[in-house]
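Biologist: I have a new model open on my screen and would like to learn how to read it. Could you walk me through it, feature by feature?

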Amino acid sequence: MAIKVNEDILLTKRKNTEKWQASIKDPKGVWRRVSCKTDDEEQAKQFAYAKLAEWRVLHDRGIDTVSTHTFKFISEKYKEKKSTFDYWFFGIFSCTLVVRT
């Protein structure tokens with residue numbers, strides 16, 4: 001079963017699982033798949049919208065959304081540039097560092 005949510009999001013259910021999977025076109029135009037971690041269609045849509053919004057914010061700030069950087073690398077970059085950050089979070093695909101000022 002596949003549901004086209006919009007031009008950038010397609011929800012599907014894979015074999016042997018009830019969980020939804022989203023195929024999302026990232027800001028660079030590359031289709032990427034992520035698990036929505038839910039069997040509820042509406043929650044899956046909200047998850048996909050939120051993931052796309054996250055990727056767009058990161059892309060707009062010049063942060064690569066596909067990364068294998070370690071937490072140490074990310075925290076070092078944050079320390080180097082923290083005076084230029086004007087938003088309250090800094091995230092990279094596999095790791096998110098929450099900063100509140």
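Predicted model: local features only at pLDDT ≥ 70, side-chain atom pairs only at ≥ 80, totals over all residues.

**Reading the model together**

Biologist: Where does Thr65 lie?

Modeller: Look in the loop between helix H1 (41–60) and helix H2 (71–81). Thr65 can also be related to Asp26: 39 residues separate them in sequence, while their C-alpha atoms are 8.6 Å apart in space.

Biologist: Now the strands. How do I read a sheet?

Modeller: Here is the general idea: strands of a sheet pair through backbone hydrogen bonds, either parallel or antiparallel. In this model, four strands make an open sheet, ordered E1-E2-E3-E4, with antiparallel pairing.

Biologist: Which strands stand at the edges?

Modeller: E1 and strand E4 (31–35) do; each has a single partner strand, so one side of each is left without a neighbour in the sheet. From one strand to the next, the twist averages 20°.

Biologist: How many bridges join E1 to E2?

Modeller: Three bridges link strand E1 (residues 2–4) with strand E2 (residues 9–13). As an example, Lys4 has Leu10 in E2 as its bridge partner. E1 and E2 form a hairpin, with four residues between them.

Biologist: And what do E2 and E3 form?

Modeller: Also a hairpin, with six residues between the two strands, and Asn16 in the turn has a positive phi of about 65°. E2 pairs with strand E3 (residues 20–25) over five bridges in the antiparallel sense, and the bridge partner of Leu11 in E3 is Ala22.

Biologist: How many bridges join E3 to E4?

Modeller: Five, and these strands run antiparallel. Follow Lys25 across to E4 and you reach its bridge partner, Trp31.

Biologist: Where does H1 lie relative to the strands?

Modeller: H1 lies across E1, E2, E3 and E4, and runs at about 30° to E3.

Biologist: Last topic: aromatic rings. How are pairs of them described?

Modeller: A pair of aromatic rings is described by the distance of the centres and the angle of the planes. Counting pairs with centres within 6.5 Å, the model has zero aromatic pairs.

Biologist: What sits over the ring of Trp55, then?

Modeller: The charged end of Arg32 does, at 3.9 Å from the centre of the ring. That one is worth a look on your screen!

Methods
Residues numbered from 1 in each chain as written. Heavy atoms only, no water. Phe/Tyr/Trp six-rings, centres within 6.5 Å; stacked < 30°, edge-to-face > 60°. Lys NZ or Arg CZ within 6 Å of the ring centre and 35° of its normal. Pairing = 2+ DSSP bridges. Axes fitted to C-alpha atoms, helices over the stretch in contact; angles between N-to-C directions. Contact = heavy atoms within 4.5 Å.
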